[in-house]
Amino acid sequence: MAWLKQRGLDSAARVGEVLKVESGWENAVEGALGQLIEGVLIESPETLVDALGELGEGRIALVSPKNSDDSDSFAPTSLAAKVQGPLAIRRMLSKLHVAETLAEARTM
């Protein structure tokens, strides 16, 4: 928190605060993202790369808040299709596929 506070980011939104997840898929998204759900949203994460060396032993994820738009398409079976939010997060979730039933999963 001290590192974030020094950079005026202590009150910046976190990934989990801005995600809109289709009902019923919240646990899947939370499990898939793990600690990344606490990632800090910052317009230009790349501007803090050098400052990360000052973090010491802490861990932090910096995520661009850029949302996906209509030009970004994800497979309808992907977990990304169940989520609205930062493009970087949706791209990660696009690698995971979901099914409503075990039979559907076996078919996939």
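Contact here means that heavy atoms lie within 4.5 Å. By that criterion, among contacts in the protein chain between residues at least 6 apart in sequence, 45% join residues at least 24 apart. The model is predicted, so to speak for local features a pLDDT of at least 70 is needed, side-chain atom pairs count only at pLDDT 80 or more, and totals for chains, interfaces and linings use all residues. Residues are numbered from 1 along each chain as its sequence is written, and side-chain values use heavy atoms, with hydrogens and water left out.

The protein chain holds five helices and four strands, taken as DSSP runs numbered from the N terminus (helices H or I, at least four residues; strands E, at least two). Their order along the sequence is α-α-β-α-β-β-β-α-α. Along the principal axes, the C-alpha atoms fill a box of roughly 50 × 30 × 20 Å. Of the 108 residues, 32% count as buried, where buried means under 20% relative accessible area, exposed over 50%, and partly exposed in between (1.4 Å probe, protein chains only).

Leaving aside neighbours within four places in sequence, Val-15 is in contact with Leu-33, Leu-36, Ile-37, Gly-39, Leu-41, Val-63 and Ile-89.

Two further residues are worth a look. Arg-90 has its place in helix H4 and counts as buried because its relative accessibility is 12%. Not counting residues up to four places away in sequence, Arg-90 touches Ser-68, Phe-74, Ala-80, Ala-81, Val-83, Gln-84 and Gly-85. Met-1, by contrast, lies in the segment before helix H1 (2–6) and counts as exposed, at 64% relative accessibility. With residues up to four places away in sequence again set aside, Met-1 touches Asp-10 and Arg-14. The C-alpha atoms of Met-1 and Ile-60 are separated by 9.7 Å, and these residues are 59 residues apart along the chain.
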